Amino acid sequence: MGDAAAEMWKALIFVLALAAAVSAGLIVALRPAFARYAMARPNARSSHTRPTPQGGGIAVVAATLFAAWLGAALTNTGLAPIEWLALSGAAIVLALTGAVDDIRRLHPAPRLLVQILAVGLVIAALPDDFAILPQLPRPIERALLLLGGVWFVNLVNFMDGIDWMTVAEVVPVTAGVALLGLVDGAPSSAVIVAVALLGAIIGFAPFNRPVARLFLGDVGSLPIGLLLGWLMLMLAGHDNLAAAILLPLYYLADATITLARRLVRREAVWEAHRTHFYQRATNGGFSVEEIVVRVFVVNLALAGLALITAIEPDPRVDLATVALGGALVAWLLLTFQRGKR
């Protein structure tokens, strides 16, 4: 291992440990405030049965941004300062919006407008030569990126419905991005942010362990959705579109299919519900632990497939891994829909 690689490893370990410590420390310090101002009370669509504090996402997002900025200062990420500022500013705006929504429900229209502005800020800061599909005209690709970014912000929010679900998603995805960086499958900027988010979510995980003593809240799920979407964007822009599809494939499939079903039934898609596949699984006899373990294992498999696409950069390998990943996710969705036998 060369000196540069050794220094990078030291920086990543430092970022991981720092983010975990800051996240857990902030949660301990702020829990009384969460319990006073941001209680999530059960309703007909809830998966929990007793009032539980929410807002732990404040600690996760703050720890992620702090550790990522410090990690960027210690390493050469190659990301322009304007891109760092845009990503951080957008995450903070979404966190503030989520905090207001956690305490006093916002109307869907202004909430969506803020999401569009936040994602648009991140996309506007991309370099002029950034392209995922060069065949597309630049305005069309940027419009599709905006649509996809807003969807990513929302799908993480939609999927954060049971204890440890977001942990079971974020840990394999961010660890997968970090491992991709070791084989030049991800840019160093994405690796720094992924490791920072990984550490922050690890610091949060003990408090969200079933039965949870604390929820992320929208203050966490919205900016985490933005950060995950940005990580996938960086992978796709690094000529690794297959990995960007594979890593979040379970979340993408569950949320997108559920949304399509609700649109077909002409339901108000902005209203809370209990029709996601993982929610159907709780009604079908699966315990929360059984659900999140299955999601976690499938996500680990998807991360392994994503790593293969970077080790063997070949279109045929990409197609095979995406097909296999799709089959794994389809099996999990069908398992959840059928219920426990």
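**Close-up 1. Gln-279, a buried residue of the predicted model.** Gln-279 has a relative accessible area of 5% and is therefore buried, the cut-off for buried being under 20%. The residue belongs to helix H11. When neighbours within four places in sequence are set aside, Gln-279 is in contact with His-273 and Arg-274. The model shown here and in the other views is predicted.

**Close-up 2. Aromatic pairing of Tyr-250 with Phe-336.** Five aromatic pairs are found in a search of the whole structure. One of them joins Tyr-250 and Phe-336 in an edge-to-face arrangement, 6.5 Å centre to centre and with 80 degrees between the planes. Tyr-250 lies in helix H10 and Phe-336 in helix H13, so this pair ties together parts that are 86 residues apart in sequence. Tyr-250 is buried, its relative accessible area being 0%. Phe-336 also has 0% relative accessibility and counts as buried.

**Close-up 3. Aromatic pairing of Phe-286 with Phe-336.** The ring centres of Phe-286 and Phe-336 are 6.0 Å apart and the planes stand at 75 degrees, so the pair is edge-to-face; planes over 60 degrees apart count as such. Phe-286 is in the loop between H11 and helix H12 (288-311), whereas Phe-336 is in helix H13, so the pair ties together parts that are 50 residues apart in sequence. Both Phe-286 and Phe-336 are buried. Tyr-250, Tyr-251, Phe-286 and Phe-336 are linked by ring pairs into a cluster.

**Close-up 4. Packing of helix H3 against helix H4.** Two packed helices are described by the angle between their axes and the distance between the axes. For H3 (residues 81-103) and H4 (residues 108-124), the angle is about 170 degrees and the axes are 8 Å apart. H3 and H4 are therefore roughly antiparallel to each other, as angles over 145 degrees are classed in this way. Their crossing is left-handed. On the H3 side, the contact is made by Ala-86, Leu-87, Ala-90, Val-93, Leu-94, Thr-97 and Asp-101. H4 contributes Arg-111, Val-114, Gln-115, Ala-118, Leu-121 and Val-122. Sorted by class, the contact of H3 with H4 has nine nonpolar, two polar and two charged residues.

**Close-up 5. Packing of helix H6 against helix H7.** The axes of H6 and H7 are 8 Å apart, and the helices pack at an angle of about 150 degrees. H6 and H7 are therefore roughly antiparallel to each other. The crossing of H6 and H7 is left-handed. The residues of H6 that make the contact are Val-167, Val-170, Val-171, Thr-174, Ala-175, Val-177, Ala-178 and Gly-181. Those of H7 are Ala-190, Val-191, Ala-194, Val-195, Leu-197, Leu-198, Ile-201, Phe-204, Ala-205 and Asn-208. The contact of H6 with H7 divides into 15 nonpolar, three polar and no charged residues.

**Close-up 6. The cis peptide bond between Pro-210 and Val-211.** Most residues other than glycine have a negative phi, and most peptide bonds are trans. The bond that joins Pro-210 and Val-211 is cis, with omega about -5 degrees. Val-211 is located in the loop between helix H7 (188-208) and helix H8 (218-237).

**Close-up 7. Positive phi at Trp-164.** Trp-164 is not a glycine, yet its phi is positive, about 70 degrees. The residue is placed in the loop between helix H5 (138-159) and helix H6 (165-182). Trp-164 counts as partly exposed, at 27% relative accessibility.

**Close-up 8. Positive phi at Arg-266.** In Arg-266, a residue other than glycine, phi has a positive value near 60 degrees. Arg-266 is in the loop between helix H10 (249-264) and helix H11 (277-283). With a relative accessible area of 78%, Arg-266 is exposed.

**Close-up 9. Ala-330 in helix H13.** Helix H13 spans residues 315-338 and includes Ala-330. Ala-330 has a relative accessible area of 35% and is partly exposed. Between Ala-330 and His-238 there is a separation of 92 residues in sequence and 27 Å in space, C-alpha to C-alpha.

Definitions and conventions: Residues are numbered from 1 along each chain as its sequence is written. This is a predicted model: local features need pLDDT of at least 70, side-chain atom pairs count only at pLDDT 80 or more; totals for chains, interfaces and linings use all residues. Side-chain values use heavy atoms; hydrogens and water are left out. Helices (H or I, at least four residues) and strands (E, at least two) are DSSP runs, numbered from the N terminus. Buried means under 20% relative accessible area, exposed over 50%, partly exposed in between (1.4 Å probe, protein chains only). Axes are lines fitted to C-alpha atoms, for helices over the stretch in contact, and angles run from 0 to 180 degrees between N-to-C directions. Angles under 35 degrees count as roughly parallel, over 145 as roughly antiparallel, 65 to 115 as roughly perpendicular and the rest as oblique. A crossing is left-handed if the near helix is turned anticlockwise from the far one by less than a right angle, and right-handed if clockwise. Contact means heavy atoms within 4.5 Å. Ala, Val, Leu, Ile, Met, Phe, Trp, Tyr, Cys and Pro count as nonpolar, Asp, Glu, Lys and Arg as charged, and the others, Gly among them, as polar. Rings of Phe, Tyr and Trp (its six-membered ring) pair if their centres lie within 6.5 Å; planes under 30 degrees apart count as stacked, over 60 as edge-to-face and the rest as tilted.
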